[in-house]
Structure formats: C-alpha cells, structure tokens
Amino acid sequence: MSKKLLLKDAHIEGIRHYDVYRKQGGYDAVEKALAMTPDAIVEEVKTSGLRGRGGAGFPTGMKWSFLAKPEGIPRYLVVNADESEPGTFKDRYLMEFIPHLLIEGMIISSFALGANTAYIYIRGEYAWIPEILEQAIDEAKAAGFLGKNILGKGYDLEIYVQRGAGAYICGEETALLESLEGKRGNPRLKPPFPAVKGLWESPTVVNNVETIAAVVPIINITGAEYAKIGVGRSTGTKLISACGNINKPGVYEIDMTITVEEFIYSEEYCGGIPNGKKLKACIPGGSSVPIVPANLLLKTINGEPRYMNYESLADGGFATGTMMGSGGFIVLDEDQCIVKHTMSLAHFYAHESCGQCTPCREGTPWMYKILKNIETGKGTMADIDLLWDIQRKIEGNTICPLGDAAAWPVAAAIRHFRDEFEWHIDNPEALTRNYGLAGYADPIP
Ligand code: NAD
Ligand code: SF4
C-alpha cells in the first residue's frame, strides 16, 4: 500500500475545519517552519527532491532559489489552482476536502520566499470551492496563523482567492499572472521567468496546489525523509486523478513505486476495466501528454514493467514513452476510437488557443477539421501526412506550451494507431456516427 502524506486525513469528518485539522497535527509545520530561517526551509525543499506537481515536474527548491530578491520590491507567491487539463481533478479534491493543507503550505512557502501577499488563482468552473478556501483562510486568521505578526514572530501574510473565468490558457503561469493583473489572459514570452519578473513585474513564484500542499509533510518529516519515499528523482507521493474506462474512478495518492499495471488493475486503485474489456491505451498525465498503447504502457522498451513515476513513464522519450504530467490518468478500453478521441482533443485545443501565435491559432483548428473529416468518412490518405506535417510545424514554434499540448496527442495517435486512421479512410461506409444531427455541438464549422 502506498504511503499517504497528503490525503491521510482527508476521510476524517470535519477535517475541512480548523479545529479538526489542528487536532490532527495541522499547523504544527507552520510552528516548526517559523522557528527556522527562510533559507533553511528552501534547503529542506531542495533536499526533498519535490518536483512541480502541475505538469512540468520542475524541481521546486530550485525554482524557489531562482527567486530574485531586489531591495524594496515585494515578492509574491501565486498558487495555480486553475486545474483545467482534461482528466485532471486532483487539486479540486485537495482544496475541497482538506483546504487547510493548502493554506498551511502557503504560509510556510510564503515565509520561505519572503512574500507577504499570496494568491490562489482558481478556475471559474470550481464555483463552490473559493468559499471553502475563504472559510479556511478566515479560520487560520482567527487562530493567529495569518494576518499581522503571525505567532508573534513578526511575519505578516495575507492570502487572497481570485476566481478565473473559465479559460484553459489561464492555467499557463504567465497568462494566469496577466489575468490576475486584470488583463486578458495572454501568455507572455519567457524568459524573463516569473521568478524574476512576475506579478506586477515583481519576483513571483507560481506553484501548483499539490506542490504547495506537499511542503507541509516535507517540513513535518524533513526533506531527507521525504526523499526516501518513491524512487530516483520521483520522490515523495503523487496525487493521480483516474478516469475513463475503469471500475473505480477517483483521486489516489501513490508513492511512485507501483507499476502502471498494478495501478489499473488492483482493487486498491482503479479496480480494472469494466465488463472484462481489454486495455487499449492510456494517457497518464492529462490530455496534453502522448497517448500510449497497452503494449508499451505495461512494459518499457527494455521489457521492464512501466512504473507510475516521472522517469519510467517517459522511458524511450516521446517516440515510445509519455509523461507523468499533471497526473490526469485517462484509460481507454478496446471499444474506444482513437480517431474520435484525438478529434475531440483537437477540438478542445482549437477552442482554447488564445490566438497570439500563428502556428497555434491556425494550426489547431486545421488539425481539428482534418480529424473531423477522417472521423466522418471524408478523409483521404494524404490527410494523415498533412496532419503529421501540421503538428510538426506547431511543436516548439509557439509562445506557450499549448501549441505543444495540441501537437503531441495528434503525433502520438498517428505514431501508434496509424492503422485506425487508415481504416477510417478505407471504410467510410462503416462510420455510422452522425455528427451535426446527433446532438454533437460543433463550434468550429
Ligand atoms: P516549464 O517547463 O516551462 O516551466 C516549469 C516551471 O519552472 C515554471 O514555473 C517556470 O517558470 C519555471 N522555470 C523553468 N525554467 C526556469 C528558469 N530558468 N528560471 C526560473 N524559473 C524557471 O513548464 P510550464 O509551461 O510551466 O508547464 C507546462 C506543463 O503544464 C505541461 O507539462 C502540462 O502537463 C502542464 N499543464 C497542466 C495543467 C493542469 O491543469 N494542471 C494544464 C495544462 C498544462
Ligand atoms: Fe496562445 Fe497558442 Fe500561442 Fe499559447 S501557443 S500563446 S495559446 S496562440
């Protein structure tokens, strides 16, 4: 059984409230951290090996140590709670059921970074959660853990919750900062990274909800002990939101030593595939990461079992591997159509493109239109090569990673399932799905 660090108390009745959370040892880590120096906290986080849990897996301690500290300029901590990656809902779970863990992590992190103001930017669709967070903030303030002179240590911190308006792109950290400043959520060119020039041009650390929550157990058990959990550079625990063709969809905390097979089939996690169907493919890290067919999902190219961790999932690189990403684990059984699935994702990215760069603005709807043609029996063999060409021209040629995120699913689908694309083109009469009439909303004509 995986060790639990984040969700160990999530089942306790009333844990959403300060009194119950405190009884379980909540806010002990703040007391411990405020007796340390900020640099010592950063060192603990570095020692822990914690990597960003939003998707990129960037080392958190390193990001914190990049924060510029010019005299007289405020610094900010911004928590990215704009969890919009299709298939990803682990931050929602954490904020909804154990909000004080996030608030506690924010207090420690802000103290370590020298920030006196911190924000939680939360996606608009999580409409009921800001209230839960604001209540937790009020309770923490009433208990002396927020506001002026926290625990009499001379440290001040205010936390604000800002609701987004439902744009996927506002989960990209610089678009998020633009939105937080009250502007249209257009990504900025990096560098400069937010650590140097972020919110209102001030040094800013942007971290995912789960990353900041993980700082609490790191301080409680020490970075060295945290680093012993997991394997290699995949230290600590990871929240996985599992969905698709599985018996037990939900949010699971794993210690990154279990195999993909165990995760899908064991009763402790996904509980297998309904109706005894076979596994076809899986997208282990949210819709942006490459889809992997079952044969490569259960084993690596070296014939080793594939593990639920950063290194093993990426084994073989993008040609055969995939990414841990945001931990949005989507399972497809043998009945699922890869072309339809890819079309649906292409539609999503085309709809969410902010339109700033030509390859993404023009390429994403173009890919969607071609995929729709193939899916509805109007495709040609040349379309497959055209699709491949378009995705190649998007990848790496855009301001933000949305372009790559739109290109990779198309590339991986063609690479691993080209025969399905060809079958659609060869058998148009067999395609009975009736788009346009059967209630399929198509906002890109
Ligand atoms: P990135 O690799 O560009 O950056 C990762 C982080 O490290 C950023 O915070 C960046 O500012 C920081 N960083 C990198 N180099 C730095 C340097 N030299 N100095 C200072 N800071 C530095 O990735 P990204 O654009 O932040 O994120 C892309 C990922 O987001 C994708 O892998 C995708 O899986 C994920 N994603 C997640 C969601 C979600 O809902 N959780 C949604 C969309 C995408
Ligand atoms: Fe906007 Fe797409 Fe360019 Fe990102 S890649 S800045 S979403 S147009």
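Visitor: Which strand is largely enclosed by the rest of the structure?

Guide: A strand here is a DSSP run of E with at least two residues, a helix is a run of H or I with at least four, and both are numbered from the N terminus. Buried means under 20% relative accessible area, exposed over 50%, and partly exposed in between, with a 1.4 Å probe and protein chains only. Now the case: six of the seven residues of strand β7 (residues 238-244) are buried, so β7 is largely enclosed by the rest of the structure. Bear in mind that this is a predicted model, where local features need pLDDT of at least 70, side-chain atom pairs count only at pLDDT 80 or more, and totals for chains, interfaces and linings use all residues. Residues are numbered from 1 along each chain as its sequence is written, chains are lettered from A and ligands numbered from 1 in the order in which they are written, and side-chain values use heavy atoms, with hydrogens and water left out.

Visitor: Which strands does β7 pair with?

Guide: Two strands pair if DSSP finds at least two bridges between them. β7 pairs with β8 in the antiparallel sense over five bridges, and K238 has I254 in β8 as its bridge partner. A hairpin of five residues links β7 to β8. β7 also runs parallel to β11, joined by four bridges, and there S241 stands opposite G328.

Visitor: In what order do the strands of the open sheet come?

Guide: Five strands make up the open sheet, in the order β8-β7-β11-β9-β10, with mixed pairing. β8 (250-254) and β10 (292-293) stand at the edges with a single partner strand each, so one side of each has no neighbour in the sheet. Further in, β9 (residues 279-283) and β11 (residues 328-333) are antiparallel over four bridges, and L279 has D333 in β11 as its bridge partner.
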